[in-house]
Amino acid sequence: MARARGKGQVAGSADGGSALAGGLPSEVLAEGVLRNGYALDGFFDEAFEATAKGVAPRKQYVDLLRQIAAMDGADLRRGADLANRSFLNRGVTFTVYAEGDRRTERILPFDPIPRIIAASEWAVVEAGLRQRIRALNQFVHDVYHGQEILRDGIVPRRLVVLGRHFRREVVGIDVAQDQYLHVVGSDLIRDADGRWLVLEDNLRTPSGVSYVLANRQIMTRIFPDWFADLGVRPVDTYAGRLLDNLVGLSPRRAVPGASGGPAVVVLTPGVYNSAYFEHAFLAQQMGVDLVEGRDLFVLDNRVYMRTTFGRRQVDVIYRRVDDEYLDSLAFRPDSLLGVAGLLGAVRTGNVTLANAIGTGIADDKVLYHYVPEIIRYYLGEEPILGNVPTFLPFDPEQLEHVLANLDTLVVKAANESGGYGMLIGPHADEKEIEKFRRLIVANPRNYIAQPTIPISRHPTFVADETGDSGTLEGRHVDLRPYALSGPDGVTVLPGGLTRVALTPGSLVVNSSQGGGSKDTWVLQ
Amino acid sequence: MLSRMAASLYWIGRYVERAEQTARLTEVTFSHTLAMGSTSEAEARRERHWTALLEIVGAVSTFPREDGPPGESNVPAHLIFSHDNANSIVECIALARDNARTMRHQVATEMWEALNRFHLEVQQPARRRRATAEAEKATRFCRSVVDFSQLLQGITDSTMPREEGWYFLQAGKFLERAESTARTLDVNYRLLAGEGTVGGATDGLALDAAAEDIQPWATLLHSLSAYESYHRIQRRGIQPSAVIELLTLSPVLPRSIRFSVGQVEAALAHITEQAPAYNGSEPMPGWTLDSEARREVGRLHADFAYQRLEDLLAGGLHRALIDVQRRCYRIGDRIEDEFFAHRPLTAQEAMA
C-alpha cells in the first residue's frame, strides 16, 4: 500500500558498496548519479531488485546502468535539457487548459533514463494484448449485431445498453472486415510482485504514440552509446503499418492508371486539441492529409474533402474526434467538429472509420470488470494478462463495501480519462472523500473502485537544488503499449509510452497531472 | 490540395512578408530621423516621418494617442511588439506560426522549426524589454526579423516541392509585397511633396527639378534593399523620377510593383493550369476552372509591363498607386473566394 511504505535498503551508504558486487563494480556504482545509492522503499522496481546483501540491478539493466553510473549528474541534466528544448522547438507539445480559458502549450517532460523490457517479459505482454484485443473486437461486433453475450447473461444487458458510449445508431451496421478496434492503447501497470495487469483499455482514440517515436528519436541523438549491443527493437515501423492497415480498409480499390487511389485522411478536432501535435505528426509520417470537420462534406452518402479545385472523395478516415462529435445529424447537434451526414456514408459502406463508431462501450470502466469473462466466452482461453480487482458500486452489496473503505480505495468515474474525476483514497482529505461518497450514492453506475495498487517504480533522474547535478530516485511508472489490428491480425509496437509520476510518492502518471515520459526499450 | 492548407500557406507568405516589410521600414525610419538634428523644425519633420510610417503599415488607428506624438520612443514599440496592433511584427510572426502549425505535416520540418523557434524567441518578455529600451537594439531587432525572413525563404526554396502549395506561398508573399511597395512609395511621395521636394509635378523633369533634397529618396531605396541595384540598373545618381521608375516599372528588381505582380500572375498561372493535373480532385458540379483572380492579376501585370513612367505620372502618381492597392485587395478577395473554401486563422480568431 502506498501509504504504508517502509524504508528499503540503501546501497552506497557506509556498508552499501559491496551490495552490488553481483551486478556492477561497486566503486563505479557508488559514484555519479548513484552516489547516494538507490532505495526501493518496498516497491517493485523495474531496474533493481532486493538481494540478500542489498540492492542489485536486474539483468537487462546491467550494461545500461554501468554506463549511466559512469556519468555525472551534469551530463544527464544537459541531456534532459537538450531533449526538452528540442521538443519545444519542434512543437512536440500538448495543449493544456489552465484557469480562465487560457491555453498554453506544454511539453511532456522527458526523463532520460530509459525503461528496459526483456524479450521474455515482452512476449507475455504482447500475447496478452493480442488475446484481449481479439476478444474485445468480437465483443463489440456482437454487441452491435446478435448480442449473444448479453443473451447468455455473461455481461448484464443494462450495463451495455445504458452505457454512455453505447451507440444504438450503429446497431446492425457492418464494418469493413468486421474490424472495430484498429488502434488500441491499453494502460498496463505492474503490482508489488511485478505482475503485469491491465489498468484500463483505451479503445476509442488513444493518444501518445507520437511521444514514443519522438522519445526514441531524441534518445538516439543524445545518448547513442547507450544503445550499443543491447539489441533494442525499433519503433519507427508504426506509421507504415498504420497506413497499410488504413489503405486496406478502403471500400474503393485503386484503379490502375487513375491518379490518387484510395484517399486516407486523419481527422482532427483542430489545432487547439490537446493531442493536435500527434494528429499532425501521424498525418505527416503517413503522408496523408490532416483534415478538420469543416474540410469535409457529405454528398449522396459519399464523403469529400474541399480542395482548391473542388472536391476529392475520401475513403478512409483515421478519426481522432469522439463519436458524439462526429456527425451533428446523428449525434450531438451542436458539434462543429464533425461532418453532417457522416453516419449515412458509414452505413452505406462508402467510407471506413478507424476506430469504428461505438467502440467506447468496451472501454467503459465498469465493463472492464467483465473483460476476463469476455475473453473466456469468445476465445475459450484463460486471460494472459490480469485485471486489477474492481468493485462495482451498482451492485448494492459492493456499494456498501466501497462506501466503507473509501479511504483505502481508488475511485474512478466510468467515462472519464486523463486522471480527471478520480479519488485516490489514501492521499485524499476528508472533504474530498465525502464529495465522492455523495457522487457514488447519486449515480453508482458511473463509478468503480479499486484497491490502491502499489505500482512499480523506475529509476528516474532528479536534479538537485543547484541544478548542476542530480541523482537517480524511484518514481512510479505505467506503460501504454500501442496495438494495431489489420487483416494480418494484431501487431503490438515493441515498447510503448512509459509514463512516470515525477512528483515524489505520486501514483498519478497522467500528463495533465504532472507526469512525464521515458523511452521504452524492448530487447530482441 | 486541401483548401485550408492552401489558405494557410498563402497567409504564411503574407504575414512573413508583412513582418519583414515593417522591420525594414522601422529600421530605415530610425536611421533617417536620427540624422535630422534637434531644432524645432527638425522635431516637426521627425514626427511627420513617424506618422507616415504608421500610415504605411496601417497602424494609425491602433496607435495609442495617449502615448504622445509619434516618435522614436513609441512608434517602434507599437509596430514591433504591441498585441493591440494586429499587424505588429510579433503578431505577424505568431499568426504565420499558427498557420504553419495547422499544416505542419505538410511543410518541411526545418521550415516549421525555423518559424517556431523565431516565434518563441520574439515572445520572450526579456527580449522585448531589451529591444524597446534603446534605439540601437530596436534596429538590431528589426535586422533580425529581416534576417529571419530571408532564412525562411532560403529554407523554403530548398525544401519545398514546386507544387500547388509552393505557388500559394509565392502568391501570398508577392501580393503582399506589391501592395506594400505601392503604399510605401505613395506615402513617401506625399510626404516629400508636403516638404516641397517634389511639388505637384506630373512629369519626370519637373519632378527632378523640384527635388531639393535627394537624401529621402536614397533612404527609400535603402528601405527596399534597392540602393545598389538602383545605380547599376539606372546608371545615374539619385533622381526622384528614376527611383519611382525603378520601384514601379522595373521587370528585374525583386521588390518593384511590376516584378511582384508578375510573380503573383505566374503563381496563379501554375495553380490554374498545372495543378489540376496532379491534384487528384474534380470540380464541384457546376464549377469551372476559370479564374477571375488570375484575370485580374494578369491585367494589372500587363498595365505595368506596357506602361511608361510618363503615363504613370501624367494621371498623378498618388492616384496610380492607390489604384494598385485597390486592385491588389480585389485580387486577394478573389483568391479567397475561388480557392479557399475556408479562411485561415485571422487575427481575431487566433486571439479568441
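**Salt bridges in a predicted model**

The side chains of A:Glu292 and A:Arg294 form a salt bridge with an N to O distance of 2.8 Å. This is a predicted model in which local features need pLDDT of at least 70, side-chain atom pairs count only at pLDDT 80 or more, and totals for chains, interfaces and linings use all residues. Side-chain values use heavy atoms, without hydrogens and water.

Q: Is A:Glu292 buried or exposed?
A: Buried means under 20% relative accessible area, exposed over 50%, and partly exposed in between (1.4 Å probe, protein chains only). A:Glu292 has a relative accessible area of 9%. A:Glu292 is therefore buried.

Q: How many salt bridges does a search of the whole structure find over all chains?
A: A salt bridge is a side-chain nitrogen of Lys or Arg within 4 Å of a carboxyl oxygen of Asp or Glu. Over all chains, the search of the whole structure gives a total of 56.

Q: How many residues apart are A:Arg480 and A:Asp187, which form a salt bridge?
A: The closest N and O atoms of A:Arg480 and A:Asp187 are 2.7 Å apart. The pair links distant parts of the chain, with A:Arg480 in strand β21 (residues 470–480) and A:Asp187 in strand β7 (residues 187–190). Strands (E, at least two residues) are DSSP runs, numbered from the N terminus. The separation of the pair is 293 residues.

Notes:
Residues numbered from 1 in each chain as written. Chains lettered and ligands numbered in written order. Helix = DSSP H or I, 4+ residues; strand = E, 2+ residues; numbered from the N terminus.
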